Amino acid sequence: MKDLAHLMANSCWNTDSSSVLINYCVSFLFVAGKDITFVAKVDSSNLLRKPAMKWLKGKWLDLGSKAGKHLQFKETYDRNTKVYMFILCTDAGGYRCEVTSKDKCDSCTFEVTVQGRSGDRQSHYCEDAGDLDFSALLKKREKKQQVVQEEVDVWEILKAAKPCDYEKIAFEYGITDLRGMLKRLKKMKKVEPKKSDAFLRKLDSAYSVDKGKRIQLSVEVADPNAQVKWLKNGQEIKPSWIEMLVLRLFSPLHLIVAGFAESIYSLFSLCLCLSVSLPLFVLYPPRIIVPHHPCASRYVFESVGNKRTLTINKCNLSDDAAYECVVGEEKSFTEVFVKEPPVTITKLLDDVHTVVGEKVEFEVEVSEEGASVRWMKDGVELNRETAGSKYRFKKDGKRHILIINEATKEDIGMYYAFTNGGESKAELEVEDKELEVLQSIADLTVKSAEQAVFKCEVSDEKVTGKWFKDGVEVQPSDRIKMTHIGRIHKLTIDDVKASDAGDYTFVPDGYALSLSAKLNFLEIKIDYVPRQDPPKIHLDTSGTGNKNTITVVAGNKLRLDVEITGEPAPTVCWMKGDQIESPVTVAAVVAEAEGRVRVETRKTLSSFVIEGAEKPDEGHYSITVTNPAGEDKAELFIKIVDVPNPPENVKCTSVGEDSAMITWDPPAFDGGVPVKGYLMERKKVGSSRWTKLNFDVYESTTYEAKKMIEGVLYEMRVFAVNGIGISQPSTNSKPFMPIAPTSEPTRLMVDDVTDTTCALKWRPPEKIGAGGIDGYIIEYCKEGSDNWVQANEEPVGKNQYRVKGLPVGEKMLFRVVAVNIAGRSPPATLSQAVTIREIMGQRYIRLPRHLRTKLISLVGEKVNLVIPFQGKPRPVVTWFKDGIPLEDKTVGTRTSEVDTILFIRSTERAHSGKYTLSVQIENMSDSADIHIQVVEKPGPPIAVHVTEVWGFNAALEWKPPKDDGNCDIIGYTIEKADMKTKEWFMVYEHNRRPSCTVSDLVMGNEYSFRVFSENICGLSDEKQIVFLQPCLAYKPPPFKEKDISSSPKFTAPLVDRSVVAGYATAISCAVRGHPKPKIIWMKNNMIIGEDPKYLMQNKQGVLTLNIRKPSLFDGGRYSCRAINDLGQDEVQCKLEVRGKLP
């Protein structure tokens, strides 16, 4: 009956090929007491992963957790048809079957009705009674006819019901998710807002603010005198006691307390400030603004008329809360959401390939320091509590590092790094350490009762291993012994027997390595004369007329066993083409065969072996067996197939905003099997992580890659797929960037027009994109024509261009196109045609403000005057000096279309005068005057003498200097010196008159006086000295000044140095000489000018040259030269600059 029910269930399923479910159910009717089985079949041929099946009873009840005796689930999968079969064994009721897989979903509903059997007194709702039968104790009841009720909408019932009845209704209609039911009811019910009496405008439902920013919550109240309270998560936000005191003192004025320092000093300062200058704080409408203090509260309360405002400064995560504004008994609610800026990953994880026991580090770099990074391995989070000593977490600024100590095979997997703004993953591959074989085991041939010893040596003493004979592990015995001493492993077999012959293998534990050798047993046989039978080749597909083909995958091993018969034993000869491959006789017990292609012959069996088949092994082969009784021959063809070669010539033909068109050529060699299609991968330039673009084989050689980021460089590679496997990847394509053309240039206008040219200017496009702008193309055509002519051969980078060679008097249209790597943008065209004709413009000289007054310059300075002008056509510019055309060769001029330049490389006093600039266009002209005065220091005063001496005073007089330096004398400076000490002291400074009285002299001392003249350039270099003889009889002997003049002489030379690039260095020397010598620093005999890289210092004759962060180019020979009137001296050294250490 169970099978019958199964068949009945299947007979009611309907086929629909467009859905994920192959069949779906309508309804069933069964007899009570029988098993009911439902089968749901899902076609997974187009699915990427296993589908999820969900069985529900009624509308809400999930049967996944109800499995038991009366409810069973089963699942099978057919690999040939790729069909999942989900089986449900259940009882009566309404059911729904849902299947989901990624973006696909399908479902079906069905009803199961159970009809009771006639005369059966046991209800189908009864549980199994076990060994005892209580059915006889049950009373027979009349069967109630089921009344089919109309389907009702449970949500309409819930909307009209009271909240206290929700649970009862949910239980009645089988709703188990009460929380989900309440959420849905809350969305369905529309609450009409009540009109508020206290608020004219309430708070918005929610506010959003970035972390660290300021936010204002404002309401409007009906009563301007109403007091409001602000609550945060139900707790009132209260100002400090100082703020409360000021609020009470000035409540009639509606204060705004913008946060005060909680200190008595601040309170008294505030009160004093308010009492003294209260009118300065009163505004209209009346309010007082109190200056913000650095220690103020973050909450600012404001009350202006009917408006109440709460300002939160420098929001942080603690301010993410619910806020209320309370006026009397009415409240206004809102929520503030503080958004934390996402932390992005700037440097992705890289895949790691290592060996067992090595240290592994995964490093990721984020956009902010101190950010939180979560590490996961295969979906399991790694932290300090669960990781133990296996993993270590390290932070270094923006770098986060996961360290794995002594990696093992268990650490293989995918590792993830998560931030709140991105994620990155990398794969860890761990391989066993390679074991080096120092001595391999060798083949042995022994006789009966002799000893056989297999010996090998490996690089690791701790490595253990096992010995195998013909794939079976060798067990030690009295005759067989295995030893391990240091790096040497031995297998000793005493009293060798014929059964000991075979292939012996040593396999080290924990390594994918094996050492093999063969033990040959030499047995003496007595020859006898056999009977003669013709040789015969027993091949399954033998035939002299057919060419049998054997297909072998390249790299695999081919072993072709051919059975042969004949007496005496025939001679076997394998041949490839016309060459003998390896003739072998079957006389020996075990044939000695060497090489990759060989023949192994046993009794009545010849085996043709190719180790690691290669393409040259392909061809026709034949086997020939001969003996004295006859000969037999068989031919066959061995075909070598392989994965195809990589595709060739992968390139990007075109790009879009987020896509690119990729083409390639098929592989040159298809591996002997037709190519089925291709697989594509892409990656960002600089990254080592490739992303698969398709999982199903793509047949065409043109592919459009989508969902790329504009402005990012990508590379592509392609794999070819045939029936054997996947080829190696092709060479990477040249990097390409998905970009889109720019928008059209903006604000195109005409800047200037002449008889044959037109100057245009424009602004860059509003939308440029990641491709940038390579330049602009300017085109023109005659009005009424569509023949556009390109004005510039190469794109221009500036936003202006003058089109030349235009016909005079023609009306021309112009347009400009922006060009980048993606192509041309839409053109920007002038709205009206331009008539090509010269426009007469007014001449005008724009004299700079600083040249409108007299220009004063020192002798030897450089003068460079730039004076702009305008006028059309180009005006004629003429320079005059003092009304005469300028012909001085030391004064240069240069004129362009828009300005003229007057420059003097080294000014002299003769250059002083009035310079006139004249601009003339036909009969119109304009001019401007520029006054230049070249000055220098004045000469010394003349005829300085003492006119009178009385008491402690002396009167001096002098005459103005002969040379005033080409400017007025602004005063004189007088100094005195006692002839004993010979130290000069200032008496007067900026003395206007040519006379003065010197006081506070010491009677009996001899004095000398000197006078300097002064103008705007400074004091005169020369001075006039006069001596005052003492009034006493004592006359000291005349002082004879010693001549200390000497030529420069270096007392400490420069020393050769070797420095590291990037670190500041200095070279020093010392010099003496009088007068003070002039110092010149040179590098490689070239004078070092005012280069900011070098700093030259001279402290008391100690000369230092500081070099800031020298590079490799700063190395060379440096010299220092000292020069004065008596001679010169020079020292030099060699400076070597080395590169930084790695």
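Trainee: Why is Phe 506 called buried?

Mentor: Buried means under 20% relative accessible area. Phe 506 comes out at 1%, so it is buried. Keep in mind that we're looking at a predicted model.

Trainee: And what makes Trp 467 count as buried?

Mentor: The cut-off is under 20%, and Trp 467 has 3% relative accessibility, so buried is the word for Trp 467 too.

Trainee: Why is the aromatic pair of Trp 467 and Phe 506 called tilted?

Mentor: Two numbers settle that. Ring centres have to lie within 6.5 Å, and for Trp 467 and Phe 506 the distance is 5.0 Å centre to centre. Then the angle: under 30 degrees is stacked, over 60 is edge-to-face, and the rest is tilted. The planes of Trp 467 and Phe 506 stand at 45 degrees, hence tilted. The pair also links distant parts of the chain, with Trp 467 in strand E34 and Phe 506 in strand E38, 39 residues apart.

Trainee: What makes Trp 574 and Phe 608 a stacked pair?

Mentor: Stacked needs planes under 30 degrees apart. For Trp 574 and Phe 608 the angle is 20 degrees, and the centres are 4.9 Å apart. Trp 574 sits in strand E43 and Phe 608 in strand E47, so this pair ties together parts that are 34 residues apart in sequence.

Trainee: How do you know whether Trp 574 is buried or exposed?

Mentor: Trp 574 has a relative accessible area of 0%, so it is buried. Phe 608 is at 0% as well and counts as buried. Ring pairs also bring in Tyr 621, linking it with Trp 574 and Phe 608 into a cluster. Over the structure, the count comes to 13 aromatic pairs.

Trainee: On to charges. What makes the contact of Arg 201 and Glu 220 a salt bridge?

Mentor: The nitrogen has to be within 4 Å of a carboxyl oxygen. Arg 201 and Glu 220 meet at 3.7 Å, N to O, so by that cut-off they qualify. Arg 201 lies in strand E11 and Glu 220 in strand E13, so the bridge ties together parts 19 residues apart in sequence.

Trainee: Why is Arg 201 called partly exposed?

Mentor: Partly exposed is what lies between the buried limit of 20% and the exposed limit of 50%. Arg 201 is at 31%, so it falls in that range. Glu 220, at 30%, counts as partly exposed too.

Trainee: Are Lys 232 and Asp 319 buried or exposed?

Mentor: Both are buried. Their side chains meet in a salt bridge at 3.5 Å, N to O. The pair links distant parts of the chain: Lys 232 is in strand E14, while Asp 319 is in the loop between strand E19 and E20, 87 residues apart.

Trainee: How do you know which strand E14 pairs with on the E20 side, and how many bridges join E14 to E20?

Mentor: Pairing takes at least two bridges. Four bridges join E14 to E20, and the two strands run antiparallel. One example is Lys 229, whose bridge partner in E20 is Val 326. Both strands belong to an open, mixed sheet in the order E12-E21-E20-E14-E15. Strands E12 and E15 are its edges, each pairing on one side only.

Trainee: There's another five-stranded sheet, E66-E73-E72-E68-E69. What makes E66 and E69 edge strands?

Mentor: Each has a single partner strand, so one side of each is left without a neighbour in the sheet. Inside that sheet, nine bridges join E72 to E73, again antiparallel, with Gly 913 opposite Ile 932 in E73.

Definitions and conventions. Residues numbered from 1 in each chain as written. Predicted model: local features only at pLDDT ≥ 70, side-chain atom pairs only at ≥ 80, totals over all residues. Heavy atoms only, no water. Buried < 20%, exposed > 50% of the residue type's maximum accessible area, 1.4 Å probe, protein only. Phe/Tyr/Trp six-rings, centres within 6.5 Å; stacked < 30°, edge-to-face > 60°.
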